[in-house]
Amino acid sequence: MFPITRLRRTRGSESLRRMLSETKLNSEDLIYPLFICPGVGQRRAVASMPGVYQLSVDQLPAEAAELKALGVPAVLLFGLPEHKDERGEVSCDEHGPVQEAVRCLKDSHPDLVVITDVCLCEYTTHGHCGVLLPDGTVENDSTLEILARQAVSHARAGADIVAPSDMMDGRVGCIRQALDENGFTQAVIMSYAAKYASSFYGPFREAAECAPKSGNRRSYQMDAANIREALREVEQDILEGADIVMVKPALAYLDVIAAVKEEFWLPVAAYNVSGEYAMIKAAAEKGWLDETAVMMETLLSMKRAGADLIITYFAKDAAKNLRHIGQA
Ligand code: PBG
């Protein structure tokens, strides 16, 4: 009988398995998205995302305190404005929900890293991420100027990181230039570099009230079939000045995360998007999946693929679980 190679030897006990695990999830890797709505005392549940709420600014200090206690270092802010307009220019309002939220968070918890989503879709009446021409196409270059003004207004309010998610060409360069010209040379750009036209964004569009009224986002977001093009997008954003690059969604695009990590020497973020969250929540509600176990396995897969940071609606739950199992 030939000697059997004992690969199972190192899996024999929990202590050995832990010691030899190649990848570890850490609460410091997590970024928690927040939806900011107008008003006072607002905490509105999002039906398709159990556990996620639209919050008014006054709710944020308590939220930040909870995140801090859990060791989650950062939030990503989305705004729901009082009124929308044709060109999304309301997004540049110094007193908009995101700008107010940034000031509030920076006042109450200066150490919390505040990231803002820079896009037009939450602010335009038509729900597209850019300025619309009469024929319904999204106009690239006139969108850039509004995005840059929006990013500067976020930086002026005190945002540490701006995260453009619109997928217009040239936006990273345009935003970098505007930030620098306004004295925000230290503001970091986390670019949604490889953002796919995905059906996994459905629940988010309810949370952020930003579904396009007509058409779809396929003329600016990427085709799910392409990975070489994703590397081209990432390369271009790096050339234009991105400091952190993101792949979005995460779960169906782990190969893209791995390729970006392999090819470039920048921090890589993965966005564990709303549909990925909703799928697990729904299956768990039916008793078909163990929510905590599947959540941890999913987040770990993103880390293993190469993500340095994970944006996830599970941030609090995952951090609590890491505490519970003694890993944080
Ligand atoms: C657009 C934006 C979207 C998401 C983040 N920023 C939606 C879209 O592109 O349609 C999706 C996030 C998620 O699904 O969790 N500004």
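1. A salt bridge here is a side-chain nitrogen of Lys or Arg within 4 Å of a carboxyl oxygen of Asp or Glu. Please keep in mind that the model is predicted.

2. How exposed are the two partners? Arg156 is partly exposed, with a relative accessible area of 44%. Glu94 is also partly exposed, at 28% relative accessibility.

3. Helix H4 (residues 140-157) supplies another partner, Arg149. Arg149 forms a salt bridge with Glu89, and the closest N and O atoms are 2.7 Å apart. Glu89 sits in the loop between strand S4 (74-79) and helix H3 (97-108), so the bridge ties together parts 60 residues apart in sequence. Arg149 counts as partly exposed at 35% relative accessibility. Glu89 counts as partly exposed too, at 32%.

4. Which parts of the chain does the bridge between Asp29 and Lys303 tie together? The two side chains meet at 2.9 Å, N to O. Asp29 lies in the loop between helix H1 (14-19) and strand S1 (30-37), while Lys303 is in helix H10 (residues 291-305), so the linked parts are 274 residues apart in sequence. Asp29 is buried, with 11% relative accessibility.

5. Now the overall count. The model holds 21 salt bridges by this rule. Some share partners: Arg43, Glu63, Glu66, Lys316 and Lys320 are joined into one network this way.

6. On to the cysteines. How many disulfides are there? The count is 0. Cys37 is in no disulfide, and the nearest cysteine sulfur, in Cys104, is 13 Å away. Cys37 is buried, with a relative accessible area of 2%.

7. Cys119 is buried, with a relative accessible area of 1%.

8. For the cysteines, the disulfide count stays at 0.

Key:
Residues are numbered from 1 along each chain as its sequence is written. This is a predicted model: local features need pLDDT of at least 70, side-chain atom pairs count only at pLDDT 80 or more; totals for chains, interfaces and linings use all residues. Side-chain values use heavy atoms; hydrogens and water are left out. Helices (H or I, at least four residues) and strands (E, at least two) are DSSP runs, numbered from the N terminus. Buried means under 20% relative accessible area, exposed over 50%, partly exposed in between (1.4 Å probe, protein chains only). A disulfide is a pair of cysteine sulfur atoms within 2.5 Å.
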